[in-house]
Amino acid sequence: MAQVQQQAMELPFYTDDGSAVIEAPRHLLAALRRSAVSTDQPKGLVLLSGPPSVYRLGLCAAVDRALAGEPVLYLAGANVFDPFLVGRLARASRVAPAHVLQQIHVSRAFTCHQMVRLVTDCLPSALRTYEARCVILAGPLDTLYDQLVPEPEATRLFRAMAEALQHMAEQGIQLLCVTTLAPSESGGRSRFVAALRAQARRAIDLCEAEDGLWLQEEGGFEPRRWMIPRPLWNRL
Amino acid sequence: MVVWLLCEDGRRLRAVDPYVPTCYLAAPTPILHHASRLLRRASCRIDTREVERYELGGLCPIPVLEISVYAPSQFSSLTQLLIRSCPDAQFFHVDVSLPQRYFYDRQLFPLIHCEADLTAEGQIQSIQALESPWDTDYGLPPLTIMELSLDSSSPNPNHGGRGALIMRINGDERLLEGDDADVIQRLNQLLVREDPDILLTDWGDSYLLPRLMTLADRLRLPLVLNRDPHRPIGARKPHSYFSYGRILSHAGARTLSGRLHLDRHNSFALAEVGLAGLIEQARVTKVDLQQMARTTTGTGITSMQLETACRDGLLIPYRKQEPESFKSALELLQTDQGGLVFAPIAGYHEQVGELDFSSMYPSIMVRFNISPETVNCRCCRDEPAARVPEIGHHTCRRCQGLVPRTLAPLLEKRVRYKKLMAAAAQTAARAVLDQRQTALKWLLVVSFGYLGYKNARFGRIEAHEAVTAYSRDILLQAKEVAERQGYRMLHAIVDSLWLVKSGAVRADYDGLAQAITEQTGLSIGVEGLYRWIGFFPSRVNPLMPVPNQFVGLFDHGGMKIRGIEIRRSDAPFLVKRAQAEVLRCLSEAGTLAELRTQIPQALEIVRTYRRYLHEGRATIEELAIAKSLTKEPQAYRHQTLSMIAAQELLARGVHLQAGDTIHYIMTDADAACPSDRVRAVAGIDGAWSYDVSAYDNLLLKAALVLLMPLDVTPALLNASTDPARRTTQGSINGESASL
């Protein structure tokens, strides 16, 4: 499969406090590559959390990897996979959407039991089948917030999933876990996000503001921020 | 298991069947030993044995531990203990309701005509069915029904405006007035004396029964709502849930033992298919009547699938764990599609025929053997005839799946009911048959959704995709057959087509239906021939056609109406009535040319209603707007009209949850102060007024949707129906509108 050439590019604008301004889809993808799904430190778990728009950002990261010619495994827990966004991003990069869509392999889980089975049992074999190193987990916790599942059972399932993720991260798999914040009625399950954060090599928070979306990474060598202007985001 | 029997001599007997439910557990030996140790500590008799059973779609049986619990009342707590203590074990048959399991295992169903041998102590020694759930000609036991409701015009007594208690039985109606103690004592006397089998209430779950029980408790007075003195009254809290993309509110439940409590305002089945339909659903699904009345139709179809699994000796998994297989995003885009829709050609057309596939999706499941275990089976992947059109799936050609096995008798029974309906001479008999076939229709409708529903026990998304792929292919085949015969398609939506051909008569459309049935293998019939039909465009963009928004006049004089105010639950009654009158006026036209001649008369009707509004004569009932809360009241960020009404109710101490319906009137929709914009209807008192302009707009919109395709512009409509203009005389409710 032809590999799309991607060049490192400087972001053209910065805000007063030195944060990068991302002004085009290709800039957005490039920024994500160098931040959320970093290529300089490819291993491990990265957590991207915030309001529901994180799912679109997670999909942008998947497209970025697929444009680079990498097979991507996309595990959809919140039924948020949007193939039309993939198509738009592919066209913005002057690549046929079908080419990118074929590089992303999707499985949807509608219950927490399915999600955990997907991560613990199906994912390792899918990584081998598709020779993939990059995994996007979109909404792995959403199914665990289901009030029909008792909290102790949800906690047990979460632990099984977190262990499997830890094991894969140690094996050198790139894991981008995209999640919204816990809903107010999640009770003890609100700990799940914090537990994933503690486990992640990097944690990036997304905040929505009137001027755009702010990505902020805490920890690491130095705190970093990126801004995606609202007009660009709305155009995606 | 307690079983209530209505004997031929009229006695109501409480009998006990020594039923022993079982469940199954699959796990490594150490876990099985741990489970056995736990079971030995149980306070009732428990038998275990190692057996082999099949999972759905499994090629080999798996070894499982069969656990038989001799005290059904302890079954649930024991299985929950095992689930908590053995988290790595696989459980089967643990969470199916015991009354359902009892019906499956004993081959019985609710309200069955049966024969039982009892001991003197009332223990059942044998019990046998004397009829089949698939019988269409069955009688019902002579049930005594007591109705309880409130003498109030409030849309919801939980929101205010309560009245006195009304009791009806055997055609006798009584108003139970007086102080609280009087009401409780008189009601209790009536319950003891009449001993009804069914308590049919309005708002019984959320208001009436809880209120009566609280009063009786506070006054320390007896109130024998239950017939069975050994059992407490079942209580379930209100809750909200998602269904078909909408959030709905469930009012909780108050269920009785030895007697049935049915709440007309908390039962989808009762509202849609009446008591005859509800009983039909309970008979075929084997879900007890009180639960069937309150649960979703999907629970019914699931129960039928569980029974099929039990009958075939298959294990029923506790939690569905099998996720979707990985597929490329391109495959996902191709497979994850719904039914096919051809947008309508907007405007009025004449001499149109409508053809509908009969129960299309369930028929596809049966004909093409679509079931979770048959889609992408291992045995038929290379058979060309097994391929699903468009997408890469295939279905099994060798073994009939669980879902088709479950649905086939349901489809067949509905066909028999339709034939009986066509032959029925009496209106009452036809109405009962219609309720029963509609009840089956609802079960068939949800059977498709449950293939893809997350909590469906035997659902699988690939099976869901296969059904829609077949449906798209079949609709295209139907279109091609029609076009080959010279018909032009005006609109098609999933399983229905609207076609036109100059000079075509009923026999031609019947011939076309026959040709399509032969081509596709699925039954399609002529829904009717329209003298004229109007497909309406989007109200936002008049150039954009909208599927399933139309009005048509059949050749037999009836009308079919979809998607406009008269069918919408949130339109004020006055607007619905005005639209109905305009439609009645238009229905006097048999052709498009005649339709145009009706325009002046239609405009006059609109003018009469506008005048009625402007004179301030509309009543609360005519103006009330019903809206459902799409989220919890606290979660609203904007001051929508329904939110403002909800806030008024919350301030009065009314409990509200997502999915609740709020009734309000618009008092001054553009007022600067939000609380001035609307008022909640329940408990409204004192002086009130309504926003004439806001309701006038709704009225004009409802008229415009019908008249705009006849070249009546908004400006023309407004000017020609000006309420200040005095021309001819009109009336509302047969009352002169004081012109």
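Biologist: What makes β26(B) and strand β27 (residues 661-666) of chain B a pair: what joins them?
Modeller: Four bridges join β26(B) to β27(B), and they run antiparallel. Two strands pair if DSSP finds at least two bridges between them, so four bridges qualify. Within β27(B), B:Ile662 is the bridge partner of B:Lys627. Strands here are DSSP runs of E, at least two residues, and helices are runs of H or I, at least four residues, both numbered from the N terminus.

Biologist: What kind of model is this?
Modeller: The model is predicted: local features need pLDDT of at least 70, side-chain atom pairs count only at pLDDT 80 or more, and totals for chains, interfaces and linings use all residues. Residues are numbered from 1 along each chain as its sequence is written, while chains are lettered from A and ligands numbered from 1 in the order written.

Biologist: Which sheet holds β26(B), and what makes a strand an edge strand there?
Modeller: The sheet is open, with three strands in the order β26-β27-β28 (chain B) and antiparallel pairing. β26 (625-628) and β28 (678-680) of chain B are the edge strands, as each pairs on one side only. On average, neighbouring strands are turned by 40° against each other, direction ignored. Helix α19 (residues 641-651) of chain B lies across β26, β27 and β28 of chain B, at about 105° to β27(B). Such angles run from 0 to 180 degrees between N-to-C directions, with axes fitted to C-alpha atoms, for helices over the stretch in contact.

Biologist: Why do β19 and β25 of chain B each have one side without a neighbour in the sheet?
Modeller: Their open sheet has seven strands with antiparallel pairing, in the order β19-β21-β22-β20-β23-β24-β25 (chain B). β19 (341-342) and β25 (559-562) of chain B stand at its edges with a single partner strand each, so one side of each has no neighbour in the sheet. Inside that order, β20 (residues 347-357) and β23 (residues 524-537) of chain B pair over ten bridges in the antiparallel sense. B:Ile533 in β23(B) is the bridge partner of B:His349.

Biologist: Why are α6(A) and α7(A) called roughly parallel?
Modeller: The axes of α6 (residues 151-170) and α7 (residues 191-199) of chain A cross at roughly 15° and come within 11 Å. Angles under 35 degrees count as roughly parallel (over 145 roughly antiparallel, 65 to 115 roughly perpendicular, the rest oblique). The two helices are therefore roughly parallel to each other.

Biologist: Which residues meet between α6(A) and α7(A)?
Modeller: A:Phe158, A:Ala162 and A:Gln166 of α6(A) meet A:Phe192, A:Ala195, A:Leu196 and A:Gln199 of α7(A). Contact requires C-beta atoms, placed from the backbone, to lie within 7 Å.

Biologist: How do you know whether A:Gln114 is buried or exposed?
Modeller: A residue is buried with 20 or more other C-beta atoms within 10 Å of its own, exposed with 12 or fewer, and partly exposed in between; C-beta atoms are placed from the backbone. A:Gln114 has 22 such neighbours, so A:Gln114 counts as buried. This residue sits in helix α5 (residues 112-129) of chain A. Beyond neighbours within four places in sequence, A:Gln114 is in contact with A:Ala109, B:Lys320, B:Gln321, B:Glu322 and B:Pro323.

Biologist: What makes up the contact between the chains?
Modeller: Chain B gives 19 residues and chain A gives 22 residues. On the side of chain B, α9(B) supplies the largest share, four residues. Two bridges also join β5 (residues 104-108) of chain A to β18(B), running antiparallel. There, B:Lys327 in β18(B) is the bridge partner of A:Val106.

Terms used:
Contact = placed C-beta atoms within 7 Å.
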